[in-house]
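Please describe the chain shown below. Cover its helices and strands, its charged pairs and its aromatic contacts.

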Amino acid sequence: LAYRKILRAPRPDTIGSQLVAKTCELCKSTPILPTPVSANPDREQINQAGEMDIVVGALSGMVDALPGKLGELLEQEYALLSGVRGDVRFLQDELGSMNAAIRYCESLDHHDTQTTGWIGRVREVAYDIEDWVDLFSVRVDGGEGAQSASGFRAWVRGLVGKAMALPARHAIASELQDLKERVVEISEQRKRYNLGNMAVTTAHPPLDPRLSAFFVDPEDIVGFDGKVEDVSKLVIDTGGTTELKVISIVGMAGSGKTTLANAVYRRLQADDTFQLSAFVSIGPKLNMVSNTVKDMLTKLGDRHRGGEDISQLINRVREILQEKRYLIVVDDLWSSEQWRTIHCCFPDNSLGSRIITTARNGALPIDYCSRFTTSVHKMGLLDDADAKKLFLRKAFSNSNDCPKHLEAVFTQVMTKCGGLPLAVTSVAAKLSLKQSRDEWERLGLNLLCSSDTDGLKQILNLSYNDLQPHLRTCLLYLSIFPENSDVDTVRLVRRWIAEGFIAEAGGGSTQDTAISYLNELIRRNLVEPLDLNLDGIPRGCRVHPVIHDFIVWKSMEDNFATLMDAQQQHVPNNTVRRLSLNNRKQNQPTAANESTDLSHARSITVFGHASAMPRLTDLKVVRVLDLEGCNGLVCLDGLCKLVLLRYLSLKGTDVSELPPTIGDLRCLETLDVRSTKVKELPLSTIRLEKLMHLLAGSAKLPSSVAKMMALQTLSCAGTTNSKSPGNIVEEFSKHDKLRELELYYDATEVPGNENHIMFTSDSFRNVKRLSIQCCSASVTFEPGVLPKIQVLELRFEKGCADTSRGVSGIEHLSSLRHVVLEFKVNDAGATATVDAVRNAAQGVLPSHQCITIKVAGNSY
């Protein structure tokens, strides 16, 4: 009745005052002022979305951007209750102060368990505060403010929605009070124990495990003979080059870089090839460079005076080396800043001098050697024979055979070590005094479970601690996937984005930023790339088993993710933030599922049978639900209540129908139903205003799907539930945000009635990748179409007998870089199409790009 009377009022301000007064009288609450229409479309769009993404770092980095997120909340046009606004400001200030204290703690080489526990408590409350912020607008708005409608009635609906949300506001205020009390308690603990200003612990730091590499007996080096020969040839350079040259040995932690450099150094010293030589190490800290230069002076025979600054030390080194042919090994280089300083020590005296560096980062020092000739030796892993030989030598002394009763587990242990020399020697030493199969299984298959492998942990920790917080997070996220998994790059990147790990990049997309993060992990030899795409981006990636063991151990230690299997009886004591369920046995429910609290879980990933899947009604703040490849019945009851869900993958499951109210998932960014039994997407799908990646498979799309203006990726069969096949091309031709388009049609088309796909002029202006898969080759590109396309993939069952209806117009694609053309059968139509496409593409493609052609499985 109040709503009816309000609609008759002549002025909006009168309407607002009447409604607010009436609502306050009923609810006996603090008044909520009406929200004016924003003059800033971007800000308004943010408000309607009800979400503000942040970059979440691992460990203490979790709170890096949270104060900023709270600041954004204060700027929102939602009418916060006065007490709530004050509490938000308090949390913003206090978390900023905590972050400064955490940064100081991180700068220390070692800190005690008290400090580690305090950082963990800050991280946990930061998670809960972020969940509170993300849920705030959803619960307050109630969906009314997220509609794209405008005008007077929309304004009134939004106002009524806010008024009806008053009870929710008071619940939110109560939750915020609880969070505030927790923050106050944590802050008091810091002051009580003076954690933010603590001195370095008196505990003695562990010995550097790299020291052993300097004193390896040549007879104990296995599998390095060929590597020593290869690097020695790069150093000597039989071509007679006299200019200064840098040889960089790069590889993952524990691959034997220092051992190899030391072996080459000893060999060349014995040959008297160089007049002066020195082997020095740096380490991960920038201030170690000065000590390294002093060490170099000592090894070059100079007794330097104390108190000299770095520039004086460098000048002294240059004076000593200026007239000599020298060999300097700079071991364990970590950063470009270190190299920029230390390379100043080396004069190019045209005497054939050489510098050998070792680094875990493949980009060092190559990116910063413009004045030097450079060569790179990439450290590979030991092959099976050498790894076995090294293990047996370390574990059984002079014995060349493994005891019979240990042969089966020995094979598993060798697989676990993955040919990494440090892992092989560490595990062999750990098992050398163990003779029972149980001990080998317990210790050999859990590489980081005992103090005997602390050296391995330290080596890996150096690489981990050298990462920036956002890269630590992205690396730890790979612990969710099973060991030796091939992880699809697109899947991984979209999950990173959905979890809020990727920063907004000025001028670039979040996907481009995420790819750059992955490439950085690859350059640092922490992740292995798999099968490069045409654009140089890996299709997938994998983590070495030793690295995987490390990040699983680190992830569990920091409560980043919880890994469980179907037989696991132990229920985690910590709050579950990310859950990975491995259920490889069919119809085997997860034992711990019923008693595990998942109300704070941000991501759920299930591998194997869907019976391990938790009840969706138990999930409150989940952002990622990934059931890709699960077999068995998938229950979607409660799916549409997951208000923060951003990534939903049902790819390869037995799902046959989506809930009709799926449009209620206001935050959803990725929906993947490829290779499922879903025949048609619900009509409400078009209400998913934030959906960027729609991977529909063979399912028919709802009509008016082109109104989904946020779409950047579309993969579908080209049909809607109301229009004829092929019309998707027409509907999306003017779509501004679409970047990738994948179309495939039923291969059982009636002969003589094949679809002819027409791309008209001035359409698909921002698409960079187009993939078409259908029965016969019948595609036309008109002039002015697809001006930004870089990759074109065409896959056909057969060629087109009518050459006039084959593939034509490729010469109009001016930005094209790569063409893939495939035919399953070799017929006359295929031959004619191949010739036409090759001739047209060669006229537009740059010489350094490529055309890939496959006919009946044969490449041309």
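Helix H14 covers residues 384–395 and has 12 residues, so at 1.5 Å a residue it should span 16 Å. Its end C-alpha atoms are 16 Å apart, which agrees. This is a predicted model, and the values here are computed from it.

Which residues of H14 are buried? They are Ala387, Leu390, Phe391, Leu392 and Ala395. The cover over them includes helix H15 (407–417), helix H16 (421–431) and helix H17 (437–444). Just after H14, Ser397 takes a positive phi of about 55 degrees.

## Aromatic pairs

The structure holds 15 aromatic pairs. In one of them, the ring centres of Tyr265 and Phe279 are 5.6 Å apart and the planes stand at 75 degrees, so this pair is edge-to-face. Tyr265 lies in helix H10 (residues 257–270) and Phe279 in strand E2 (residues 276–281), so the contact ties together parts 14 residues apart in sequence. Both Tyr265 and Phe279 are buried.

Phe396 and Trp440 form a stacked pair, with 5.9 Å centre to centre and 15 degrees between the planes. Phe396 sits in the loop between H14 and H15, while Trp440 belongs to helix H17, so the pair ties together parts 44 residues apart in sequence. Phe396 is buried, with a relative accessible area of 13%. Trp440 is buried too, at 0%. Ring pairs link Phe391, Phe396, Phe410 and Trp440 into a cluster. Phe391 of this cluster is also one of the buried residues of H14.

Charges also sit over rings. The charged end of Lys227 is over the ring of Phe224, 4.7 Å from its centre. Arg325 lies over the face of Phe274, at 4.8 Å from the ring centre.

## Salt bridges

Side chains of opposite charge can pair when their charged atoms come close. The structure holds 40 salt bridges. The table lists some of them.

| Pair | N to O distance |
|---|---|
| Arg602 and Glu130 | 2.8 Å |
| Asp626 and Arg491 | 2.8 Å |
| Arg838 and Asp835 | 3.7 Å |

Arg602 forms its salt bridge with Glu130. This pair links distant parts of the chain, 472 residues apart: Arg602 is in the loop between strand E10 (578–583) and strand E11 (603–608), and Glu130 is in helix H6 (residues 113–141). Is Arg602 buried or exposed? At 1% relative accessibility, Arg602 counts as buried. Glu130 is buried as well, with a relative accessible area of 4%.

Asp626 and Arg491 also meet in a salt bridge. They too link distant parts of the chain: Asp626 is in strand E12 (residues 624–626), Arg491 is in helix H20 (residues 489–498), and 135 residues separate them. Both Asp626 and Arg491 are buried.

Arg838 and Asp835 lie within one helix, H24 (residues 828–842). Being three residues apart there, they are separated by about one helical turn. An α-helix has 3.6 residues a turn, so residues three or four places apart point the same way. Arg838 is partly exposed at 26% relative accessibility. Asp835 is partly exposed at 37%.

Salt bridges that share partners join Arg123, Glu124, Asp128, Glu130, Asp131, Asp134, Arg182, Arg577, Arg602, Arg623 and Arg646 into one network. Where is Arg623 found? Arg623 is in the loop between E11 and E12. At 2% relative accessibility, Arg623 counts as buried. Beyond its sequence neighbours up to four places away, Arg623 touches Glu130, Asp131, Asp134, Ala498, Arg602, Leu644, Leu645, Arg646 and Tyr647.

## Strand pairing

Strands of a sheet pair through backbone hydrogen bonds, either parallel or antiparallel. Strand E6 (residues 487–488) runs antiparallel to strand E8 (residues 538–542), joined by two bridges. Val487 has Cys541 of E8 as its bridge partner. Strand E7 (residues 528–532) pairs with E8 in the antiparallel sense over four bridges. There, Leu532 is partnered by Pro538 of E8. The hairpin of E7 and E8 has five residues between the strands, and in it Gly536 takes a positive phi near 85 degrees.

An open sheet of three strands has the order E18-E20-E22, with parallel pairing. Its edge strands are E18 (757–759) and E22 (807–808), each pairing on one side only. Three bridges join E18 to strand E20 (residues 779–781). Ile757 stands opposite Val779 in E20.

Conventions: Residues are numbered from 1 along each chain as its sequence is written. This is a predicted model: local features need pLDDT of at least 70, side-chain atom pairs count only at pLDDT 80 or more; totals for chains, interfaces and linings use all residues. Side-chain values use heavy atoms; hydrogens and water are left out. A salt bridge is a side-chain nitrogen of Lys or Arg within 4 Å of a carboxyl oxygen of Asp or Glu. Buried means under 20% relative accessible area, exposed over 50%, partly exposed in between (1.4 Å probe, protein chains only). Two strands pair if DSSP finds at least two bridges between them. The expected span of a helix is 1.5 Å times one less than its number of residues. Contact means heavy atoms within 4.5 Å. Rings of Phe, Tyr and Trp (its six-membered ring) pair if their centres lie within 6.5 Å; planes under 30 degrees apart count as stacked, over 60 as edge-to-face and the rest as tilted. A charge sits over a ring if NZ of Lys or CZ of Arg is within 6 Å of the ring centre and within 35 degrees of the ring normal.
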